[in-house]
Amino acid sequence: MNNKYKLSVVVLVYNTECYLRECLDSLVNQTLKDIEIIIVNDSSPDNSHLIIEEYDSLYENIKVINQKNSGGAIAGNNGLRQSSGEYVTIMDSDDIVPLNAYEKLYNEAKSTDAEIVIGKPNILLNGVQREIIYKRERDVWKENRIVSDLLEFPEIFYDGFYWNKIYKRELLFKHDCFMPPGMLYADRPMVHKAFLYAKKISIITDVVYLWRKRDEDTKAKSITQLKFDLNNLKDRITSLNYQIDYFKKYGNMTLTNEFLKTNIDRLFFPINGIIGDKVFRSVYFKELKRIFSQISNIYDNDLGITKNIYIYMILNNLKSELINYLTNEPKGKIIGENGNFYWTLPYFRDKTVKIPDHLFRINTLFEAIIKIGSISCENNHLKIKDLNIPAAFTIHSVKLEMQSRFNIDDRMIFNLNMKSFNCFSYELELSHFDSTNIYDMYLIFNYDNNKEAKFRITKNMCKYAGNGKIAQNQKYRLYFTDKNSLSFQILNFDIISIECDTKKISIQTSDHTNKDLYFYFKDRKYKEKIYMKKDKDTGAYELQWSHFIERYRYYDLYFNCFNNEFRVSTNVINNFNDITLVKDKTLIELYGTKNHNLSLKTSTQFVQFLSKVKKIAK
């Protein structure tokens, strides 16, 4: 067919009213000209149709398909069939495409004659970009490459997303590379089939897609947040079975085996569902045993000791043993025998379960054997002491990576100092951090024959992690997240002044630009929070006394930054002195507590007089 457009973008719309404008704005402003935007409205029950109608009236290159609710797979297929671009792609309507993304992908396709071009996606969480958390997917986009033989780079199958790629339209239609209807995980069958038949695939490292991830407490759960649901498990299996069928028809058994190996780790995502649900457990063991039985040399992988033991337990129907591993963190000593090192986890050389020794053999560096003596903040330094790795490895270097939670380009790397064989320490001057931020902390290892491994620092690695003396000024804080990962918080602001008159209290800080900072008083008895309002002109935080003051109450002053609550310390206030005033016969006292925190109490002058009399009497 004669291509009217360079690229057709199919947008799948269902219940995304809150994000749809941002999505469509990112498309109509693309730097690549001659693109077609096909919006498929899958009978969305919200007001998405009004937004679609608005954009359709403004842009000639928008085509709208309104269909009876049929699911994302049918919506995507209908959009592709209505496309007229030389290349095509699909995106979800709650996501965003960087403005030059399609130009980069299309130019790469034309310059390399590639039938598929893949770019890097980032996660978009609460308006902030982050890297995809899955290491295996990240490795696909790690470097620019051309793939003409899938066996030379089978890791490409870790990427099963449809939205970070453009495809030659002719390729999809010639080989029937569409999404099977009725599946939640319909993207992988489409994408991987296209990989099979593409003569050339190009991978670029540029960020071409922003994948919106919703908070865990969001009512409308995305499908990736339902992994312990039985129907979700069945859909994963159905999707994989569909792929196995067309791989077998393709006829390359070696490639089929490598493809199946790339799916093993993915099949472990919902494994915790077996703990409390007998039906889930039965289906999980049955289906995974069937799939694993099809894989040759299944233990020849880089999954690590624990997951290879999972495989053995599933293949040998060791249900209670696997549940034991999942509910109790497996621990064991490392022993050396005849030049090999073994991790003596539960069931090591157990004559009942008969797990082979080679599954306990240590071949690759993994998180559980990384031990850190202490991490602390003290004397204006962040200190890492006695990071140790067992002698099973030869560690050439260790780097500390500090990755900003709010700016993906804000990344700092520091080389740790080697104290002795496989033992490292480091002292990082806190002057490197001059603005309010949160950094997630990683370790990067170079070991043995130039192998590399990267791990988030976790609570399990650390024998001790504390804040030391510097915590008193509230600027620097080491803490573990809800998932026991270590982060470093900088609250780099001072309270310049606190002023009170008979109308209000006013707080002026050194940081006027921080949108994540706010102050409030908390009633000590009733726990009610009374928030201060930020003045747009002065940047000061203000609160009228009339809004909350009642007699005979105690209030503690807090600030919240990055969704964390802190008491306001007198140490961050320049030259603070207690303040006393009278408002409508109510005595208001703002004072520093014994712990150097700021509090407020209300009473009357008569009560104050009695208090002084009692002190004199004593």
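Predicted model: local features only at pLDDT ≥ 70, side-chain atom pairs only at ≥ 80, totals over all residues.
**The domains.** Begin by colouring the chain by its domain assignment, which gives domain 1 (5-220), domain 2 (222-328), domain 3 (367-490) and domain 4 (495-611). The C-alpha centres of domain 2 and domain 3 are 34 Å apart.

**The annotated span.** Next, select residues 8-121, which an unreviewed UniProt entry annotates as "domain: Glycosyltransferase 2-like".

**Helix α3.** Now select residues 72-81, helix α3, whose buried residues are A73, A75, G76, N77, G79 and L80.

Select K63 and E36, whose side chains form a salt bridge with an N to O distance of 3.6 Å. K63 belongs to strand β3 and E36 to strand β2, so the pair ties together parts 27 residues apart in sequence. E36 is buried, at a relative accessible area of 3%, whereas K63 is partly exposed, at 30%.

**A salt-bridge network.** Proceed to K120, E131, E401, R411 and K454, which are linked in a network of salt bridges. Within it, the side chains of R411 and E131 meet at 3.5 Å, N to O. R411 is in strand β15 (residues 411-415) and E131 in strand β6 (residues 128-131), so this pair ties together parts that are 280 residues apart in sequence. R411 is partly exposed, at 33% relative accessibility, and E131 is partly exposed with a relative accessible area of 23%.

**The nonpolar cores.** Select F292, L382, F445 and F488, the residues with the most contacts inside the largest nonpolar core, which has 159 residues. Helix α11 (residues 305-315) supplies the largest share of this core, 7 residues. Apart from it lies another core of 31 residues, including F493, I530, F576 and I579. Returning to L382, the residues that it touches include I375, M402, Y426, L478 and F488.

**Strands β29 and β30.** Finally, select D556 and R567, which form a salt bridge whose closest N and O atoms are 3.4 Å apart. D556 lies in strand β29 (residues 554-561) and R567 in strand β30 (residues 564-567), 11 residues apart. D556 is buried, with a relative accessible area of 7%, while R567 is partly exposed, at 22%.

Conventions:
Residues numbered from 1 in each chain as written. Heavy atoms only, no water. Buried < 20%, exposed > 50% of the residue type's maximum accessible area, 1.4 Å probe, protein only. Helix = DSSP H or I, 4+ residues; strand = E, 2+ residues; numbered from the N terminus. UniProt positions renumbered as here; feature names shortened; annotations may be inferred. Core = buried A, V, L, I, M, F, W, Y, C linked by side-chain atoms within 4.5 Å. Contact = heavy atoms within 4.5 Å. Domains from an automatic or database assignment. Salt bridge = Lys/Arg side-chain N within 4 Å of Asp/Glu carboxyl O. Lists of a residue's contacts leave out its neighbours within four places in sequence.
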